[in-house]
Amino acid sequence: MFQQLSFSQLVLEQKELHEFIWGENALLKFHLEHILENKDDKFVYVWGNSGSGKSHLLQTLCNQYDESLSSIYIPLNLFENFHPSSLENLENQNIVTIDDIQLIKHHEEWEEAIFHLFNRIRDKKDTLLMISGNLPPNKLELKLPDLVSRLQWGMTWHLKEPSDDIKLQIITQTAVKKGFYIPTSVAQYLLSHFPRNLNQQMQILDILDKHSLQAQRRTISIPFIKECLLSNP
């Protein structure tokens, strides 16, 4: 059944490039805008720790400002639900983003499929391929040396983890986007009393969103957080 699935069937949350909070990665923003406008570089590899914003960045590229460009986001945390042949013909997209390449190490069919996608995009010359991982290419322990080589063809960027000030900004802005309000002092409480990793903070916001809807309370307080998270261990 998994052979019938296509990554194009995945529905992304709408995220725009201007919404990404760049912090210490502002130079990367300049490079990506230049690439999108001039198409003079086809390959970008970004790496960083969990919570550094890799997935968010790749999804924003797929929702970028020019609606005339086709794009597709490939989250490899779902690769077991798909077949490597699902990467065929993706060179016909204008933008292809592949997230968490470290997850397919030792899965030779997937490594080969991504390697061949690189080659097809190189030959086609008008597709941007952006791939993320948790480590630099030569540290990924991929079995296919030629794929490691391809990952180093273009620009490689270490995506730096957001500072605490940026994390506070992301938490409060994400809450507003979900339809509720978290004062900065309450966001500081979340960072100081719960895991600081942004992925985990986003999961906490999902819980607060659900409970605040049920309670018809759209301004979040510290007592409300304690009540929600104690009832949702």
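**Confidence across the predicted model.** The mean pLDDT of the protein is 85, and 88% of its residues reach 70 or more; pLDDT is the predictor's confidence in each residue, from 0 to 100. Over residues 1-5 the pLDDT is below 50, yet this stretch has nine contacts beyond near neighbours in sequence (contact: heavy atoms within 4.5 Å). Where pLDDT is low, the predicted coordinates should not be read in detail. In this predicted model, local features need pLDDT of at least 70, side-chain atom pairs count only at pLDDT 80 or more, and totals for chains, interfaces and linings use all residues. Residues are numbered from 1 along each chain as its sequence is written, and side-chain values use heavy atoms, with hydrogens and water left out.

Five strands run in the order 2-3-4-1-5, with parallel pairing. Strands (E, at least two residues) and helices (H or I, at least four) are DSSP runs, numbered from the N terminus; two strands pair if DSSP finds at least two bridges between them. Strand 2 (71-75) and strand 5 (155-158) stand at the edges with a single partner strand each, so one side of each lacks a neighbour in the sheet.

**Strand 2 beside strand 3.** Strand 2 pairs with strand 3 (residues 95-99) in the parallel sense over five bridges. Tyr73 has Thr97 in strand 3 as its bridge partner.

**Helices on the sheet.** Helix 1 (residues 26-38) packs on the sheet and touches strand 1 (43-47), strand 3, strand 4 (128-133) and strand 5. Helix 2 (residues 54-62) also packs on the sheet, touching strand 1, strand 2, strand 3 and strand 4.

**Helix 6 against helix 8.** Val186, Tyr189 and Leu190 in helix 6 meet Ile222, Ile225 and Lys226 in helix 8.

Note on methods: Axes are lines fitted to C-alpha atoms, for helices over the stretch in contact, and angles run from 0 to 180 degrees between N-to-C directions.
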